[in-house]
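This note is written for a student who is new to reading structural models. Please keep the sequence and the structure in view while going through the numbered points.

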Amino acid sequence: MNTSDEFDLILTKQQRREIYQKCGLVPAKIATSVLNLIKLSLAARAMKSEVLPLVANTATAKLILERGQDLMSVEQPYAITLELTPEQRELIKNTVDKDWQRLMFCPDEHDNIAYIEQWEPNISAKRVEDSFVILPEGFDYSPSSSDKLIWLPRGDDDKTKNTFGKGYHPTTLTVLRLMEKHLKAGSSVLDVGTGSGVLAVAAARLGAKSVLAVDVDSNAVYTAQKAAELNDLEDVIEVKVGSLDSADGVYDSIIANLFPKVIISLAQEFSEKLVSGGLLLVSGVVSARAAGIVAVLETAGFEHHESVSLQDWEGLVFYKKTL
Ligand SMILES: C[S@@+](CC[C@H](N)C(=O)[O-])C[C@H]1O[C@@H](n2cnc3c(N)ncnc32)[C@H](O)[C@@H]1O
């Protein structure tokens, strides 16, 4: 192998399942250059490590080796340790001349995994919590007087088909549960990463006086705008492309169903965009990462109030500390 070659470690099904439980993502492989692999192996040997860090660079490798555990703190990257199969060990040994039995990697370095969710094959009305009912456009449904209907575009076109937020994923479900409990009627709401607009519509149905829904993905913005129209909520919901930088002013509540690394990168801005004592509902976090996310948000000035879990996912409630 040439040092400029790409080194790909293909993961087994079992390893991918284990990774999913610890970070909620499923990379098919861990990739780096042969040169980086050799440098990392030398650095790890110099530190007398038993574990090979397969990360972007030796500086990150040193950080995670010094810490030596699977927990994330505010300054340090989140790392996952994997047992290697005999075939993987052989492959690595042929390149770095050392038999490593385990490796560590940082899932946040892998950003090629998209937010995609399609309708279940037999879509129908889906009741969520006591009052929300999520429906695909045109579905025949007789609501009861207490139902809060959330109509979503059916997804027949390429723009809306894959947009996340059909109401099946635990990350959406936990945040809907928390909204029903904590969101106050009359509040101003910022929905960061709106996807299909499902949470923006839910906020309006709970009586929010205004909702700004933002997303960096233009297909999501298109879909959320359609959802606002389908629900006759264009006067309450404004949809914009972008992230927190597209939101002017401050809000009573922020809802954010995002990957942990995005939450970490936006933690300080969440605080800047909220009124004192404002509500922050966070989702998109597997249970294994919840403690780390709480630590990051506490450092950014939030008080952790409550967590709910569903399958391996957690929804987290915070309030901005009053000064
Ligand atoms: C998991 S989906 C959530 C969709 C919907 N809110 C829900 O709860 O079902 C996350 C969405 O966040 C968007 N996103 C990712 N990074 C973002 C960022 N930095 N700012 C705003 N939106 C972002 C993605 O494009 C995606 O549509």
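1. How many residues surround the ligand, and which are the closest? The ligand is surrounded by 22 residues, and the closest are Gly165, Gly193, Gly195, Ser243 and Asn257. Here a residue is near a molecule if its C-beta atom, placed from the backbone, lies within 6 Å of it. Two or more residues of this shell come from each of helix H6 (170-182), helix H7 (198-205) and strand E10 (210-215). H6 gives the most, with 3 residues. Helices (H or I, at least four residues) and strands (E, at least two) are DSSP runs, numbered from the N terminus.

2. On the basis of the model: this is a predicted model, in which local features need pLDDT of at least 70 and side-chain atom pairs count only at pLDDT 80 or more, whereas totals for chains, interfaces and linings use all residues. Residues are numbered from 1 along each chain as its sequence is written.

3. A residue is buried if 20 or more other C-beta atoms lie within 10 Å of its own, exposed if 12 or fewer, and partly exposed in between, with C-beta atoms placed from the backbone. Just after H7, Gly207 takes a positive phi of about 100°.

4. Lys48, which is not a glycine, has a positive phi near 55° and is found in the loop between H2 and strand E3 (51-53). Lys48 is exposed, because 7 other C-beta atoms lie within 10 Å. Asp232, also not a glycine, has a positive phi of about 55° and is found in the loop between helix H8 (218-230) and strand E11 (237-241). Asp232 has 10 C-beta neighbours inside 10 Å and therefore counts as exposed.

5. On the sheet: an open sheet of 3 strands has the order E6-E7-E8, with mixed pairing. Strand E6 (126-128) and strand E8 (148-152) stand at the edges with a single partner strand each, so one side of each has no neighbour in the sheet. From one strand to the next the twist averages 25°. Strand E7 (residues 132-136) pairs with E8 in the parallel sense over 5 bridges, and Ile134 has Ile150 in E8 as its bridge partner. Two strands pair if DSSP finds at least two bridges between them.

6. On helix packing: helix H2 (residues 34-46) and helix H3 (residues 58-67) pack at an angle of about 35°, with their axes 10 Å apart. Axes are lines fitted to C-alpha atoms, for helices over the stretch in contact, and angles run from 0 to 180 degrees between N-to-C directions. Lys39, Leu40, Ala43 and Ala44 in H2 meet Thr58, Ala61, Lys62 and Leu65 in H3; residues are in contact if their C-beta atoms, placed from the backbone, lie within 7 Å. By class, this contact has 5 nonpolar, 1 polar and 2 charged residues.

Note on methods: Contact = placed C-beta atoms within 7 Å. Nonpolar A, V, L, I, M, F, W, Y, C, P; charged D, E, K, R; others polar.
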